[in-house]
Amino acid sequence: MTSNTVSQLLKETKLQKVDIKGWVRTFRANRFIALNDGSTINNIQCVVDFENTNEAILKRITTGAAVHIKGELVESQGKGQNVEVIVNSITILGDSDPETYPIQPKKHSFEFLRENAHLRTRTNTFSAIMRLRSSLSFAVHKYFNENGFYYMHTPIITGSDAEGAGEMFRVSTLDQKNPPLNENGDVDHSQNFFGKDTNLTVSGQLEAETYAMSLGKVYTFGPTFRAENSNTSRHLSEFWMIEPEVAFMDLAGNMDLAENFMKSVISYILENNIDDLEFLNKRLLDEEKTKPQAERSDLNLIEKLKFVTENNFKRVSYTEAIDILRQSKPNKKKKFKYIIEEWGADLQSEHERFLVEKHFKCPVILFDYPANIKAFYMRLNEDEKTVRAMDILFPGIGEIVGGSQREERLDVLKKKMAVLDIPEEELWWYLDLRKYGTAVHSGFGLGFERLVMFATGMGNIRDVIPYPRTPQNAEF
Ligand code: 4AD
Ligand code: MG
């Protein structure tokens with residue numbers, strides 16, 4: 001007989017023999033096991049006949065133990081569940097010492113659970129988050145597959161700094177204590193493993209552009225590395241980014257694609273993961289109750305997700321946004337840490353969140369940013385001051401997507417690279433795209449963990465990736 005899953009049994013109406021393996025969440029009154037196997041947020045209740053069970057075995061049914069149960073699925077006698085399992089035989093597969101097992105059946109702080117990240121998916125909250133993460137990831141591939149995109153694996157080790165921010169992790173096999181030097185006294189990377197200086201990628205975009213210019217519509221979905229020293233609740237040093245890139249598509253098309261895509265993946269979890277979402281919804285409502293009335297949000301988690309799928313994102317130019325921010329109360333009363341003085345200022349997350357959460361109260365797409373606060377590859381507008389960039393800002397998150405129409409004109413691109421001191425020799429292949437059959441094209445990057453944060457209502461990005469990498473932290 002093949003094993004049953006808890007998820008399947010809880011949906012059964014037919015009474016039957018069952019064979020089930022899982023971990024004990026709780027054992028109550030020497031009689032009731034709440035068993036979970038990861039297939040669902042819900043436990044199945046297994047009722048032990050304690051009078052006819054060996055006392056030594058009963059003692060080993062402890063929180064965290066792995067067990068194998070054979071028995072019968074029956075209508076439940078008690079409240080709280082439709083069916084339960086009458087245990088005929090129970091085998092302890094793996095004991096769990098109740099004195100030292102970290103995941104006790106009580107509330108644990110997220111900090112404590114981060115230190116026990118290898119066991120935190122034994123809790124309801126983290127198992128729900130990670131099932132949602134898996135579902136969202138599937139929904140991403142499903143969306144692109146159904147819309148004619150090819151999945152491209154862009155390299156993880158690269159020689160280029162796509163974003164030009166210089167926040168890269170170096171990949172090197174040179175002797176760190178005594179590296180070979182060239183005539184100028186600099187490290188001689190010609191003797192390094194790849195014969196040049198290389199690093200972990202900060203974005204797959206530039207390589208994705210090359211494939212868009214032949215396959216038409218492509219996307220990457222892979223690990224991305226940034227050595228920025230930002231210890232915030234929204235930054236990771238290793239995160240996953242989804243980057244579609246499309247030939248013959250302009251900035252307006254890019255905004256349509258991003259909006260449509262985000263609505264689609266959020267709809268997917270509303271349709272397929274409602275048990276997990278309801279659990280997280282309730283968790284957040286309980287948390288809200290501890291806050292003062294004024295700080296509570298108007299919509300609960302599920303309402304927020306539906307709001308995104310049902311309403312248009314507000315499209316606002318950078319210039320309009322600056323006007324709004326300049327006129328805003330927190331700016332006039334100097335409540336912002338960075339006061340917006342004039343056009344050209346880079347927006348900080350406090351400004352982004354003001355626009356989304358206080359002013360527009362919906363997802364916002366900001367576009368046409370000043371050229372000099374954005375990356376080199378963005379298409380210069382006719383005003384020669386702004387570029388065809390777009391950022392999508394989400395409530396509670398701030399920037400979730402960054403994208404643009406790309407500069408497809410060889411002369412303009414070369415000029416821009418010269419101004420920024422980006423050597424042409426490094427990006428000769430990128431320039432080739434502008435020499436041979438160049439065309440308008442666009443794409444964007446969605447930070448996957450920021451999407452998972454939004455979808456789960458979690459406030460710290462370290463809690464939506466299995467093993468977070470952040471400055472001074474690479475445990476597990
Ligand atoms: O805005 P970014 O830097 O854009 C790019 O990398 C472009 N090459 C994308 C493209 O056009 N193909 O990053 C895109 C998104 C951000 O909006 C954010 O959601 C996420 O990636 N992101 C991070 N997420 C977690 N931790 C970090 N340190 C992140 N840095 C960026
Ligand atoms: Mg950005």
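I shall speak about the ligand site, then the aromatic residues, and then a few individual positions.

A word on conventions. This is a predicted model, in which local features need pLDDT of at least 70 and side-chain atom pairs count only at pLDDT 80 or more, while totals for chains, interfaces and linings use all residues. Residues are numbered from 1 along each chain as its sequence is written, chains are lettered from A and ligands numbered from 1 in the order in which they are written, and side-chain values use heavy atoms, with hydrogens and water left out.

Let me begin with ligand 1. Which residues come nearest to ligand 1? They are E163, Q205, E243, E399 and I400, out of 24 residues around the ligand; a residue is near a molecule if one of its heavy atoms lies within 4 Å of it. By type, this shell divides into 8 nonpolar, 8 polar and 8 charged residues. In that division, Ala, Val, Leu, Ile, Met, Phe, Trp, Tyr, Cys and Pro count as nonpolar, Asp, Glu, Lys and Arg as charged, and the others, Gly among them, as polar.

I turn to polar contacts, meaning pairs of N or O atoms within 3.5 Å; within protein, one must be able to donate a hydrogen and the other to accept it, and residues adjacent in sequence count only if both atoms are side-chain atoms. S203 places a polar side-chain atom 3.0 Å from a nitrogen atom of ligand 1. From R406, a polar side-chain atom lies 2.9 Å from an oxygen atom of the ligand. For G402 the contact is through the backbone: a polar atom there is 3.4 Å from an oxygen atom of ligand 1. Taken alone, ligand 1 exposes 630 Å², and the protein buries 93% of that; these areas come from the Shrake-Rupley method with a 1.4 Å probe, and for residues only the protein chains shown count as cover.

Which elements give two or more residues to this shell? They are β11 (238-247), β15 (398-405) and β16 (441-447), and β15 provides the largest share, 5 residues. Helices (H or I, at least four residues) and strands (E, at least two) are DSSP runs, numbered from the N terminus.

Now to the aromatic residues. How many aromatic pairs does the structure hold? There are 21. Rings of Phe, Tyr and Trp (its six-membered ring) pair if their centres lie within 6.5 Å; planes under 30 degrees apart count as stacked, over 60 as edge-to-face and the rest as tilted.

Y151 and Y219 form a stacked pair, 5.0 Å centre to centre with 20° between the planes. Because Y151 lies in strand β6 (residues 150-151) and Y219 in strand β10 (residues 217-225), the pair ties together parts that are 68 residues apart in sequence. Y151 is partly exposed at 37% relative accessibility, whereas Y219 is buried at 4%. Here buried means under 20% relative accessible area, exposed over 50%, and partly exposed in between (1.4 Å probe, protein chains only).

A second pair joins F394 and F454: the ring centres are 4.7 Å apart and the planes stand at 70°, so the pair is edge-to-face. F394 belongs to strand β14 (residues 386-394) and F454 to helix α14 (residues 448-456), 60 residues apart, and the pair thus links distant parts of the chain. F394 is buried at 0%, and F454 is buried at 5%.

Y151 and Y219 also belong to one aromatic cluster, together with Y143, F144, F149, F261 and F444.

Two charged side chains sit over rings, a term that requires NZ of Lys or CZ of Arg within 6 Å of the ring centre and within 35 degrees of the ring normal. K374 lies over the face of Y369 at 4.2 Å from the ring centre, and R434 over the face of Y430 at 4.1 Å.

I close with individual positions.

K361, in the loop between α11 (349-360) and β13 (364-370), has a positive phi near 55° although it is not glycine, and K361 is exposed at 53%. F476, in the segment after α14, likewise has a positive phi, near 75°, and F476 is partly exposed at 40%.
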